[in-house]
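Visitor: I would like a quick tour of the loops in this model. Could you take me through it?

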Amino acid sequence: MEKRKLGNTNIEITPIIMGTWQAGKRMWAGIDDDESIKAIRTAVEGGITTIDTAEVYGEGHSERIVAKAVKDIRDEVVYATKVFANHLKYDQVISACENSLQNLSTDYIDLYQIHWPSGTWNSDIVPIEETMKALNKLKDDGKIRAIGVSNFSVAQLKEARQYGEIVSIQPPYSLFWRGVEKEIQPYCVENNLSILSYSALAQGILTGKFGSSPQFEEGDHRVNNRLFQQPHWDRVQKALDLLQPIANKYDCSLGQVAIAWLIAQCQTQAIVGARNASQVEQNIKAGNIKISDQDLAKISDIGTEVSKHFDDNPVLWNFDN
């Protein structure tokens, strides 16, 4: 798989990134550790050598699963992990990074990201200058190679960049969730920042696997995803019907079309999770699909009929924040 530069660094990342939120098990249902390990290994062997995780995914469980999957080939992969909003004071950042290093069985993290801005999820307000001071210290000490942010607004991103080099931002971005295109994407293009989009398949919606009436096992957080709720769900179904002929044209699945469209957008990489190796193999194939400019525009127009009805709240879910 052809690699791309992470921001202005010499770190090379893949356009499709292995997402491992589900490997943490918490807030998901029916996840098996052995299947997660096989999925991650399959991703790397298939060319997806960038892996995204976070300390909060299962309280470190996801990071430990990543280590079990690929620690023997650490030099072949790029690790991206995150410090949560409740650990943004100076000493907390340092401690959280040490824990992640231990969980990942490594002595350095390629990309260390602020998962959510301070103050979110009932966390303490911490000046971004303090957080960045800790991140710069970790970078100077060789514990991390680059700094990124996640779920930041452009204003928050600009403020963080006053105190150190930020190379990437991780927002929710998919064909059906397009808020990033208003301000964040133009800013990233102007400043050569990488966009690592999460929920690239709209938490599975863009695969078409849910049918007309989605059902979730107890404990699956996706039941709170606003895209699954009316009146958006009817628009989703109509859009998927319109996308199917395009998928047929390129002899691929709906999900593969959605990934191929996303990684064709400016500065954008797609973080895609998978429960098992079979799903990973399908995701890998999306990296080889070349969609014409005309069809990319057509796909964009179809997706806009879903995305344009959402407000500017960047949070995908109706959680209490």
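Visitor: In which loop does Ala202 lie?

Guide: This is a predicted model, where local features need pLDDT of at least 70, side-chain atom pairs count only at pLDDT 80 or more, and totals for chains, interfaces and linings use all residues. Residues are numbered from 1 along each chain as its sequence is written, and side-chain values use heavy atoms, with hydrogens and water left out. Helices (H or I, at least four residues) and strands (E, at least two) are DSSP runs, numbered from the N terminus. Ala202 sits in the loop between E9 and H7.

Visitor: Is Ala202 buried or exposed?

Guide: Ala202 is not a glycine, yet its phi is positive, about 50°. Buried means under 20% relative accessible area, exposed over 50%, partly exposed in between (1.4 Å probe, protein chains only). With a relative accessible area of 1%, Ala202 is buried.

Visitor: Is Asp251 buried or exposed?

Guide: Asp251 lies in the loop between H7 and helix H8 (254–263). Its phi is positive too, near 55°, in a residue other than glycine. The relative accessible area of Asp251 is 73%, so it is exposed.

Visitor: Which residue has a backbone oxygen 3.3 Å from a polar atom of the Arg222 side chain?

Guide: Arg222 lies in the loop between E9 and H7. Arg222 counts as buried, at 7% relative accessibility. The backbone oxygen 3.3 Å from a polar atom of its side chain belongs to Gln203.

Methods: A polar contact is a pair of N or O atoms within 3.5 Å; within protein, one must be able to donate a hydrogen and the other to accept it, and residues adjacent in sequence count only if both atoms are side-chain atoms.
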